[in-house]
Amino acid sequence: MPTSLGKLRRHPRVTTQADLPKSTASDEIAALRGELLAWFRRGARRLPWRETRDPYAIWVSEVMLQQTQIATVIPYYHRFLQAFPTIAALAGAPLERVLTVWSGMGYYRRARNLHLAAQALVRDFDGRIPRDYQRVRSLPGVGDYTARALLSIAYNLPLAVLDGNVARVVARLKAWKGNVHQPQFRTDVQMELERMLSRRQPGTFNQAMMELGQTVCLPRSPRCPACPARKWCQGLRMGRAEAYPLPRPRRGAEVHPLAAAVIRRGSKVAMVRGLEEGLLNDLWNFPAAFGSSHAQALRRLREKLGALFSGPVSLGQAVAELKHGITYRSIRVRVFSAHVSGKADRNSMRWVPLDRLADLAVSELARKIASKVQGAEL
Ligand code: SF4
């Protein structure tokens, strides 16, 4: 009966894990694992943190890579390790220095937590990273992902790492809908990863999965012909690999008006610690205030400057406008020139040469404002 056979060939049935006899399923997983590891060994990108066995350096790289692209991280990674070559050196450095070295990479909470964690390691663990998941998790800023990545790569502990790239690869291999922000989907993917994980080379396996997601199984256009897992990929078999996983529903960005003041005294400008509402607390910023409208932000800025300086304050016209994002906040900034007289509280304000801001732990927003007003007549 050629008709039914032809139908079967054109629409091959997708075999699920549950359909396979147990031994066959584990053989398939072992074969996939083997291909993946061989592919990684053959062609993995040479990255500085892959050339070291130092757990501290691996930890620093993992923290930096959390919210920053690889190409951006590389020079910062070298700079940071040059400034703080050991856990003890990092622990003993003033926070201001740590933030200055980190300055430009954003998400400063990571640097603050690295610093706190280094101090905890010196205090409680003899300056070494313990080989224990719970202990590593107890360190400031170390979540499940970082602990798993660090312990598997540095100490070869059998812990599978799940990030957005890895979740995408697994979702496609299994043709699973859902997205990485759904708890059940994460649980399913994590369980599948535990089955796939190489017990002998967990660190290499985790890096191979991440590499696959970053370089081959790309979000919009997966490069399936170059993929070591294509033989086992059900998404590919169904002809719609890029349909998995489902995209995350978008959260609308909140828009926040902010008024900022550039106050000059000769070649110097006034900088204050923190922005507002607990944001950027350890970083230097131009004095600024949020409002529900631009007019309200300006009123609040005037009040703030009035409280900061003992003499009168006069605010001029807006000299620049820009947009800036901090986590989910979309900030619309209006920059005003301001003139003040009288003294300011020296603990909360500093006069800094405009062209020397880079020597200070300044926020990314302050850098943007500085580049907008540099050379302008204020
Ligand atoms: Fe991703 Fe394609 Fe590889 Fe499947 S075959 S894992 S979709 S790159």
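Leaving aside neighbours within four places in sequence, Phe-286 is in contact with Ala-261, Val-262, Val-269, Ala-270, Met-271, Val-272, Leu-354, Leu-357, Ala-366, Ile-369 and Ala-370. The model in which these contacts occur is a predicted one.

Phe-286 also belongs to the largest nonpolar core, a set of 73 residues. Together with Trp-59 and Phe-80, Phe-286 is among the residues with the most contacts inside this core. The element that gives the most to the core is helix α3, residues 55-65, which supplies seven residues. At least three residues of the core come from domain 1 (1-247), and at least three from domain 2 (254-373). Apart from this core there is a second, separate one of 36 residues, whose members include Ala-171, Leu-173, Phe-205 and Met-209.

The backbone has some details to look at in the loops. Tyr-107, in the loop between α6 (95-102) and α7 (109-124), has a positive phi of about 45 degrees although it is not a glycine.

Asn-156 is another non-glycine residue with a positive phi, here about 60 degrees. The loop that holds Asn-156 runs between α9 (144-155) and α10 (164-174). With a relative accessibility of 35%, Asn-156 therefore counts as partly exposed.

A further loop, between α13 (234-237) and β1 (254-265), contains Pro-245. The peptide bond joining Tyr-244 and Pro-245 is cis, with omega about -15 degrees.

Technical notes:
Residues are numbered from 1 along each chain as its sequence is written. This is a predicted model: local features need pLDDT of at least 70, side-chain atom pairs count only at pLDDT 80 or more; totals for chains, interfaces and linings use all residues. Side-chain values use heavy atoms; hydrogens and water are left out. Helices (H or I, at least four residues) and strands (E, at least two) are DSSP runs, numbered from the N terminus. Buried means under 20% relative accessible area, exposed over 50%, partly exposed in between (1.4 Å probe, protein chains only). A nonpolar core is a set of buried Ala, Val, Leu, Ile, Met, Phe, Trp, Tyr and Cys residues joined through side-chain atoms within 4.5 Å. Domain bounds come from an automatic or database domain assignment. Contact means heavy atoms within 4.5 Å.
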